[in-house]
There are 2 protein chains.
Amino acid sequence: METKPPDGLTRIPEPTIERLSAYLQCVRVLRAESHQSASSAEIARRTGIHAAQLRKDLSYFGEFGKPGLGYNLAALEAHLARIMGLDKERDVLLVGAGNLGRALSSYTGFGRRGFRIVAAFDVDAHKVGAKMGDCPVYALSELKRVNAKLGAEVGIIAVPTAAAQAATDSLVAAGVRAILNFAPTTVEVSEKITVRNVDLTSQMEILSYYLRVE
Amino acid sequence: METKPPDGLTRIPEPTIERLSAYLQCVRVLRAESHQSASSAEIARRTGIHAAQLRKDLSYFGEFGKPGLGYNLAALEAHLARIMGLDKERDVLLVGAGNLGRALSSYTGFGRRGFRIVAAFDVDAHKVGAKMGDCPVYALSELKRVNAKLGAEVGIIAVPTAAAQAATDSLVAAGVRAILNFAPTTVEVSEKITVRNVDLTSQMEILSYYLRVE
DNA sequence: CTCTGTTTGTGAAATTTTTCCCAAAGTCTG
DNA sequence: CAGACTTTGGGAAAAATTTCACAAACAGAG
């Protein structure tokens, strides 16, 4: 168990990043159940991820466990949160005030994790001006101007397919660097921007594939 | 270009299945733009997936292209739909009639792809009896009884974390074989059942990671 | 302080997935 | 119908990711 150079250089595999979030979720549950510490085997059992995988994932970022004891959960949670950049609140812009947009704006899960939807945007003049929950709805054309004040770096796209690229471009022009895209289409962005696609229909289709075989 | 044994045996990589849905989406767009055929390079450009990847993915299922010409889009769409089991309508049960459940029930994207939410379930007696859009809301306890008639094989979980496992168990007991889980937790199911997790908060956390580096 | 239990972190092996590459197949032009 | 292009399918190489397996680290009991 040697010390590693505090390497900020080696690229972290994307699957690792995706699992980190699962570990964090698991650690929170364990802590809520008043556990003080847990072994990689215990976290593995709960998340369905292989224990060696967990240890290797964490080892990219440092040494957080104690042989014979496992991981101190309070410390691990703090480390994971810091690694994921969750140690500060993030303002979020929502584009699209339709059904999905409304549901997302009232979804409490984001807020609990420090993601605050601070403004919504829509092309529909009927929706502009009103509030959605306690989130003001602006005209899409106002996005850049509004965010000049807000300075949000995260955006959510909840518009129809045809409007997705334009919404993306508006967000990027306004300084947003990370986008959660619910439209069932690939949007083009410069490589500096991170986009994650959450295509509900695609998820259904994938389920359908596995249903296929009786 | 030799013929392959019509192998129903080789396991298809999961990433391949996930991409199949993206190809299908792309093919639909191309057809909507009145294209008759397209090369793997064209589809690759549009989806951001490597052309060789596309060809290999398709080659698991047969030979759908013509050298020098590419793929006939009408035929490819039909093949992809059949491969994914999308050649018939699927009834879907929705558990949870909260904000998210309501948004999902009114989401038109599912319907357009042949997924029909036929019934919703909730523990809250206030919600039971009313309709959500044109989808009836039943008591969760009625799920098995209701589905005895409906025979749906797909379920959506849109309940709080604490209720997710119980919702899953109800769905499985009622004969559901594929589940889309929006609760931010891993649910345990027998290996016969397919679960896909769509954890919105997790997606945000992953974005946060990539935002971290300035 | 020694012996027994555990459990970590990590090289190395195994496995999986992606990409390269090119012969074969087909189109198109003249 | 020959020659120039294009594009597929798929074997083989490369790359990425997961899993194994074990020395080293530490706790706790006696």
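1. Surface near DNA strand C, by class. In this predicted model, the residues of the surface near DNA strand C divide into 14 nonpolar, 10 polar and 9 charged.

2. From chain A, helix 2 (40-47), helix 3 (51-59), strand 2 (65-66) and strand 3 (70-72) each give two or more residues. Helix 3 of chain A gives the most, with 5 residues.

3. Contact between the chains. Here 44 residues of chain B are in contact with 44 residues of chain A. On the chain B side, at least two residues each come from helix 1, helix 5 (99-106), helix 6 (108-112), strand 9 (178-181), strand 10 (194-197) and helix 9 (200-212). Helix 9 of chain B supplies the largest share, 13 residues. By class, the side of chain B that touches chain A has 20 nonpolar, 15 polar and 9 charged residues.

4. How are the two copies related? A rotation of 180° with 0.0 Å of shift along its axis superposes chain B on chain A, with an RMSD of 0.0 Å. The copies are thus related as by a two-fold rotation axis. B:Ala103 comes closest to that axis among the residues of chain B, with its C-alpha at 2.9 Å. The same surface serves both copies, and 100% of the contact residues of chain B recur in chain A.

5. The sheet of chain B. Chain B has an open sheet of 7 strands, in the order 6-7-5-4-8-9-10, with mixed pairing. Strand 6 (131-132) and strand 10 stand at the edges. Each has a single partner strand, so one side of each is left without a neighbour in the sheet. Strand 9 and strand 10 of chain B run parallel and are joined by 4 bridges. B:Ala178 has B:Thr194, in strand 10, as its bridge partner.

6. Helices on the sheet. Which helix of chain A packs on this sheet of chain B? Helix 9 (residues 200-212) of chain A does, touching strand 4 (90-95), strand 5 (115-122), strand 8 (154-157), strand 9 and strand 10 of chain B. The direction of this helix makes about 155° with that of strand 9 of chain B. Helix 8 (residues 161-173) of chain B also packs on the sheet. Helix 8 touches strand 4, strand 8 and strand 9 of chain B, and its direction makes about 165° with that of strand 8.

Definitions and conventions. Residues are numbered from 1 along each chain as its sequence is written. Chains are lettered from A and ligands numbered from 1 in the order in which they are written. This is a predicted model: local features need pLDDT of at least 70, side-chain atom pairs count only at pLDDT 80 or more; totals for chains, interfaces and linings use all residues. Ala, Val, Leu, Ile, Met, Phe, Trp, Tyr, Cys and Pro count as nonpolar, Asp, Glu, Lys and Arg as charged, and the others, Gly among them, as polar. Two residues are in contact if their C-beta atoms, placed from the backbone, lie within 7 Å. Two strands pair if DSSP finds at least two bridges between them. Axes are lines fitted to C-alpha atoms, for helices over the stretch in contact, and angles run from 0 to 180 degrees between N-to-C directions. Copies are superposed by least squares on the C-alpha atoms of residues with pLDDT of at least 70 in both.
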